[in-house]
Every structure is written in structure tokens, then in C-alpha cells.
Amino acid sequence: MSSTQVAVAAAVAGLGVYALFLRKGPDAADKPKKNLGSFGLHRLTVHSTELISNNVKRVRFELPNKSQPSGLALTSALLTISMPSGSWVPVPRPYTPVNSLDEPGFVELMVKHYPGGKASTHIHSLKPGDTLTVLPIPGFAWAPNKHSHVALIAGGAGITPMYQLTQGILNNPEDKTSITLVWGVNTDDEIFLKEEFGSLQKKFPDRFKAVYVVAKPDAASPHPKGFITKEILEEAGLSATSEKNKDIKVLVCGPPPMEKAMKGAKKEPGVLTKLGYTPGQIYSF
Ligand SMILES: Cc1cc2nc3c(=O)[nH]c(=O)nc-3n(C[C@H](O)[C@H](O)[C@H](O)COP(=O)(O)OP(=O)(O)OC[C@H]3O[C@@H](n4cnc5c(N)ncnc54)[C@H](O)[C@@H]3O)c2cc1C
């Protein structure tokens with residue numbers, strides 16, 4: 001079970017509270033107007049939406065208290081509780097905000113639509129003025145400078161916790177951690193945060209490196225083709241035996257087959273084991 005699955009299971013166990021919340025109405029739960037720093041359900045109103053690739057939408061929500069930031073800790077996510085039309089059962093799915101955690105008044109999600117996906121179809125259908133119920137859940141407890149180097153290995157929409165952490169580390173002048181990001185996507189179009197990562201690479205060339213691996217690249221794609229392999233991680237400087245990686249932390253977030261390929265299964269060593277990493281060095285969202 002991944003760390004998020006544990007958090008989700010605990011949150012789902014408390015979903016009885018949701019029914020109570022719905023009966024009492026949003027006003028009872030929203031008083032006094034607090035943002036997302038405390039545990040509990042919050043109902044957020046959609047401010048605006050923007051389609052940023054053929055299947056990824058940016059959805060910007062208004063926070064209850066417009067003068068304050070969300071109050072979320074670095075790498076925490078929002079467990080969204082969707083009620084897709086015609087469904088009687090709430091659908092809980094985690095999404096990680098991508099706007100700066102310091103921004104007052106708003107929280108922003110980037111949601112990839114999966115055909116037939118219950119939550120992603122519902123969230124893509126939301127319009128300004130619609131609401132979505134969310135429950136903040138913790139992620140990896142990041143401590144600045146505990147590791148001199150962090151490896152972020154993402155697949156598809158699993159990039160969002162990595163983007164939030166990258167922003168949090170690089171925008172904190174006290175945190176000197178170096179970051180190597182390896183992001184596997186299906187097509188070149190799916191590198192939807194390329195500009196944002198590009199400007200961080202320009203600003204922090206000695207501390208931040210990003211490698212994109214594309215399963216089905218365009219003919220002119222400059223990126224390595226295929227899935228994330230041991231060789232690609234070695235080329236990115238992520239061999240466990242390298243001196244600069246002696247206190248490294250490796251964070252992984254992606255679809256189940258990609259996570260399995262990285263972490264392995266009971267009798268099958270994963271790519272990270274083959275590179276020399278121990279389970280204690282790896283964290284899976
Ligand atoms: C910590 C964490 C943070 C996340 N943050 C984001 C985020 O910011 N943005 C985002 O878009 N997603 C994010 N996800 C994934 C998200 O929580 C959902 O799993 C995803 O949106 C699919 O939910 P669904 O209800 O639409 O699909 P489901 O109804 O669960 O599944 C529908 C179909 O889609 C396939 N599918 C489901 N998930 C995936 C996947 N990840 N890759 C490939 N196929 C899949 C299923 O096999 C199934 O066929 C995050 C996941 C975690 C664990």
C-alpha cells in the first residue's frame with residue numbers, strides 16, 4: 001500500500017462525517033472562515049477553468065478566506081470527494097495543488113482526464129460557481145536540508161506532488177537540496193508543466209535538473225524514448241553508489257504499473273533495487 005492509500009483509507013473511514021456535513025449544509029462547516037490548514041471537509045467554489053492540453057485541465061478554486069494562503073503543508077494533497085451525476089456513492093481521489101502554497105485566496109489543481117474515470121470526468125465537468133468537497137491529507141514530511149539530493153521519479157499526472165515539492169524547495173532560500181526529476185509521459189504534449197520546470201532550471205541550473213522520457217515521442221522529440229529504465233536513471237546521475245547520492249531520498253509517484261516497475265514486487269527486484277537503493281531510501285506517494 002502506498003502512503004497516500006493509507007491516508008485515503010483513514011480519510012474514507014471518516015466519510016460518515018460527510019453525510020453529516022451535507023445534512024448541516026456548508027455554512028455550519030465553514031464557520032469561522034478557515035482555509036485548508038486544519039483537518040476536515042471543506043467545500044470549495046470553482047473560480048475558473050482552463051484546458052491546457054487535450055486531456056489536462058487547470059481548475060482554480062476560491063479559498064473561503066481570500067486574504068490567506070491555503071495553509072497546506074508541502075507535498076500534502078486534497079482528497080476530492082466527487083459525487084458524479086447519477087452516483088449515490090462518493091468517489092474519493094487525491095489531487096495535489098500546483099499553485100504556490102503562499103498564494104492567498106486560491107488553490108489550483110491540474111487534473112488529467114481518464115476516459116471513464118469517475119473523479120477526473122466529474123472534475124473536468126465543473127464550471128465557475130460549482131463546488132467540490134475536499135479533505136486535506138498529508139504527504140511526505142519534507143525537512144529542508146535533511147538530504148543533500150532528492151530524486152523525483154514521476155509518471156503522467158503523478159508529476160503534481162513533485163512540482164509542488166520542487167517549487168517549495170527552490171523557493172525556500174534556507175533549503176539547499178539539489179533535485180533531479182525524471183518524468184515519464186506518453187507523448188510530448190503531456191509534458192504540461194514544461195515551461196514552469198524550464199524557468200526553474202534556468203534560475204537554478206546547479207540545483208535542478210529535469211529529464212523527460214516519452215513513450216511515444218514525436219519524430220522531432222529531443223527526449224529519450226520509452227519508459228523510465230535503470231540506464232536512463234544512471235544517465236541522469238541517479239546511481240545509488242555515486243558519492244553525491246549517499247544521503248539521497250527517492251520519491252516516486254505514478255500509475256501502478258510504473259510504480260511497480262520502479263519499486264519491484266515480492267520476488268521481482270524493481271529498477272530502484274537494481275540501482276542499489278534500499279526500501280528506506282524510497283518513498284511512494
Ligand atoms: C498523491 C497523489 C496525487 C495525485 N495528484 C494528481 C493530480 O494532481 N492530477 C491528476 O490528474 N491526478 C492525480 N493523481 C491521480 C488521481 O488521484 C486519480 O487516480 C486519477 O485522476 C484517476 O481517477 P478517476 O476516478 O478519474 O479514474 P478511475 O475511475 O479510478 O479509473 C478510470 C480508468 O483510468 C485508469 N487510471 C486511473 N488512474 C490512472 C493513472 N494514474 N494512470 C493511468 N491510468 C489510470 C484506470 O485503470 C481505469 O481504467 C494523484 C494520485 C496520488 C496518489
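Before we start, one definition: two residues are in contact if their C-beta atoms, placed from the backbone, lie within 7 Å. Thanks for coming, everyone. What you see above is a predicted model, where local features need pLDDT of at least 70, side-chain atom pairs count only at pLDDT 80 or more, and totals for chains, interfaces and linings use all residues. Residues are numbered from 1 along each chain as its sequence is written.

Let me begin with the whole chain. Among contacts between residues at least 6 apart in sequence, 72% join residues at least 24 apart.

Now, helix α8, residues 256-263. Its buried residues are M258, A261, M262 and K263. What do the buried residues of α8 pack against? The partners are β7 (149-155), β8 (178-185), β10 (249-253), α9 (271-274) and β11 (282-284). Just after α8 comes G264, with a positive phi of about 85°.

On to the ligand. It is surrounded by 24 residues, with G117, S120, A157, T160 and P255 the closest; a residue is counted if its C-beta atom, placed from the backbone, lies within 6 Å. Two or more residues of that shell come from each of β4 (91-95), β5 (106-112), α4 (118-125) and α5 (159-170). Both domain 1 (3-137) and domain 2 (149-284) supply at least three residues to the shell, with the bounds taken from an automatic or database domain assignment.

Two of those helices deserve a look. In α4, the buried residues are A119, S120, H122 and I123. Seen down the helix axis, they fall within an arc of 160°, so they line one face of α4; the arc is taken over the directions from the axis to the C-beta atoms. Covering them are, among others, β2 (56-62), β3 (77-82), β4, β5 and β6 (131-137).

And α5: is it mostly covered or mostly open? Mostly covered, as 9 of its 12 residues are buried. Those are I159, T160, P161, M162, Y163, Q164, L165, T166 and I169. The end C-alpha atoms of α5 are 16 Å apart, which agrees with the 16 Å its 12 residues should span at 1.5 Å a residue, where the expected span is 1.5 Å times one less than the number of residues.

Conventions
Helix = DSSP H or I, 4+ residues; strand = E, 2+ residues; numbered from the N terminus. Buried ≥ 20, exposed ≤ 12 C-beta atoms within 10 Å, placed from the backbone.
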